[in-house]
Amino acid sequence: MVFLNFPHPVHHLEVFAGSLILPYTEIMVEDGGLDATIDALSTEEWLSCAKRLVPIALEKAKEAKGFRGKWKMIILKLEQMPSQLSDLASHPCFSKSVLCKEQLQAVSKTLNDAICLARLCVKEKYERKLQMQSDLDALLGKLDLNLRDCGLLTKTGVLGEVTLPSAVARTLPELESGIHGNIRELLARLQIGHLEAKQKALDNLLEVMKEDDKHILAFLGRSNVAALVQLLTATSPRIREKTVTVICLLVESGSCENWLVSEGVLPPLIRLVESGSALGKEKAMISLQRLSTSAETARSIVVHGGVQPLIDICRTGDSVSQVAAACTLKNISAVPEVHQALADEGIVKVTIDLLESGTLLGSKEHAAECLQNLTSSNKNLRRSVISEGGVKSLLAYLDGPLPQESAVGALKNLIGSISMDVLIALGLLPRLVRVLKSGSLGTQQAAASAICQICTSTEMKRLVGESGCIPLLIKMLEAKLNNTREAAAQAIYSLMTESQNCQEVKKDDKSVPNLVALLDPSPQNTAKKYAVSCLMLLSSSKKCKKLMISYGAIGYLKKLTDMEIPGAKKLLERLERGVLKSLFSKK
């Protein structure tokens, strides 16, 4: 005979020849052999033990005196236990899964607790009533957990997920099959058991994911994702921190975003940003950053009150979290319908502050792009950015080592809302010239578009021409990207309507060949209409006309005339007259 001694308040089970019987007795456990004996018991033996304990627990609970309300609730839960045990025993994977065995062990321990507490409550008088009330509350919690976990094992497919189908198992090498089985079991443990067991499962899950997250992703199901989301609201800060670390790894892998959002991950992530640990805040911020790339999710972040915590991080957070928060706000600002909600939370001021004093370049880049998005269509927000000193901050940002397209784009959006005199006084033109010289193609394109917008008067065109941008725009006509060539051609045409600028274009040796090349009739070439307009202005010069003809403009223009491109027919006629005159003069 061997005695099993469970932790307090669990007492003892007598085991005879592999079968479990009662009653419980106060006896000492002999040294050694206890763990081995428990491990040796089969799942069926633990099921037998639990089934025998249920009626005894019910009988003792009905005899208990005092705390009748609590005992009534305990009795209701005990009465549900037989059907749960029956469902568990009838599952096809019952004898194959270690989770079933562990669950039956937990149920048996809980039933033993109930018997022990009921025996104490049989007496009319007993000491430590507050302790008894606490123990009964704990017992109710354990019964709830046992019933829930039994239901999860039998009704949600957890057991099926843990146990590989025999056909699959046969096709896998032994080692790989073992790894896959362990991963399935590990994921299932996130859904069942007490918090300490789930924390251990999280630790193991993190270890596996750090080595190779592909193993986890291959078997991750929606129920596992739902379990992780629930753990984000666990009472233990440590569990919340580990859970958000797992979720961050999942989000960064590009998997499960839709499942996470639909299972309600946003509110707990936002709460972690507000009041989590330093690591918890950082991982929650990175998760929100990735999730906010979806417009629908960005809207949901606003609805769930996520904007203010993000703004607070931008103001006071560490550099890594600040970049993630700024990027998330940038992503949200790409959704026009939430612009006013962002403005109401104070986003204009905080993004301008980031632009001026962000600790990392990344946060400044995101702030500039956020301002570009905010000013794209909202006049009130444009006025707000101007009144908060945004124009000056954007111009100062362009003085940095890598001028960004977003900053130029934001300035372009603001041009129509501020006087040209102010823009000139603040030094816009030298910044645009610098961008045209050293910026990326996208930034140069934005600068060319900005030039088109500021060329609203003859005087302004003259000032822009004198700033030295015309040779740079002519060079841009050689860019590989069609949109860049189109922006440059449009800017050149805007400037050429001022005579002095037109003369400068004529003097540039590359202007005519580059513009003729843009007469290419292919549909991809959207710059041809501006090229025709520019060449028309240059056609008053005999030298330029000769160059156009020598570079094949007539052939292009014939095709463009057939396509009814504005000005092509007129320019063609002018060039053909020049050819005829040249022929007659030779005769």
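Leucine 354 touches Cys314, Gln322, Ala326, Ser363, Lys364 and Ala367, when residues up to four places away in sequence are not counted, a contact being defined as heavy atoms within 4.5 Å. The structure is a predicted model, in which local features need pLDDT of at least 70 and side-chain atom pairs count only at pLDDT 80 or more, whereas totals for chains, interfaces and linings use all residues. Residues are numbered from 1 along each chain as its sequence is written, and side-chain values use heavy atoms, with hydrogens and water left out.

Leucine 354 is found in helix H19, where helices (H or I, at least four residues) and strands (E, at least two) are DSSP runs numbered from the N terminus. With a relative accessible area of 4%, leucine 354 is buried; the term buried stands for under 20% relative accessible area, exposed for over 50%, and partly exposed for values in between, computed with a 1.4 Å probe and protein chains only. Leucine 354 and arginine 315 are separated by 39 residues in sequence, while their C-alpha atoms are 8.0 Å apart in space.

One of the residues touched by leucine 354 is Ser363, and serine 363 lies in helix H20. Serine 363 is likewise described as buried, with a relative accessible area of 0%. Its contacts, not counting residues up to four places away in sequence, are with Gln322, Val323, Ala326, Leu354 and Gly358. Serine 363 and lysine 330 stand 33 residues apart in sequence and 10.0 Å apart in space, from C-alpha to C-alpha.

Helix H19 (residues 347-357) and helix H20 (residues 361-374) meet at an angle of about 140°, and their axes are 8 Å apart; axes are lines fitted to C-alpha atoms, for helices over the stretch in contact, and angles run from 0 to 180 degrees between N-to-C directions. H19 passes H20 in a left-handed crossing, a term used if the near helix is turned anticlockwise from the far one by less than a right angle, with right-handed used if clockwise. On the side of H19 the contact involves Ile347, Thr351, Ile352, Leu354, Leu355 and Glu356, which meet Ser363, Lys364, Ala367, Ala368, Cys370, Leu371 and Leu374 in H20. The residues of this contact divide into 9 nonpolar, 2 polar and 2 charged, where Ala, Val, Leu, Ile, Met, Phe, Trp, Tyr, Cys and Pro count as nonpolar, Asp, Glu, Lys and Arg as charged, and the others, Gly among them, as polar.

Helix H22 (residues 390-397) has 6 of its 8 residues buried, so it is largely enclosed by the rest of the structure. The buried residues of H22 are Gly390, Val391, Ser393, Leu394, Leu395 and Tyr397, and they pack against H19, H20, helix H21 (379-387), helix H23 (405-414), helix H24 (420-426) and helix H25 (428-438). With H23, helix H22 packs at an angle of about 150°, the axes being 9 Å apart, and the crossing of H22 and H23 is left-handed. This contact is made by Val391, Leu394, Leu395 and Tyr397 of H22 together with Ala407, Ala410, Leu411 and Leu414 of H23. The residues of the contact of H22 with H23 comprise 8 nonpolar, no polar and no charged.

Two loop residues have backbone angles of note. Phenylalanine 67, in the loop between helix H2 (43-63) and helix H3 (68-89), has a phi near 50°, a positive value in a residue other than glycine, and at 22% relative accessibility phenylalanine 67 counts as partly exposed. Cysteine 256, in the loop between helix H11 (237-252) and helix H12 (257-262), has a phi near 70°, also a positive value in a residue other than glycine, but cysteine 256 is buried, with a relative accessible area of 17%.

The cysteines were also examined for bonding. A disulfide is taken as a pair of cysteine sulfur atoms within 2.5 Å, and by this rule the count comes to 0 disulfides. The sulfur of cysteine 469 is 7.4 Å from the closest cysteine sulfur, in cysteine 455, which is too far for a bond. Cysteine 469 counts as buried at 1% relative accessibility, and cysteine 49 is buried with a relative accessible area of 3%.

For the chain as a whole, there are 35 helices and 3 strands, and of its 587 residues, 50% count as buried.
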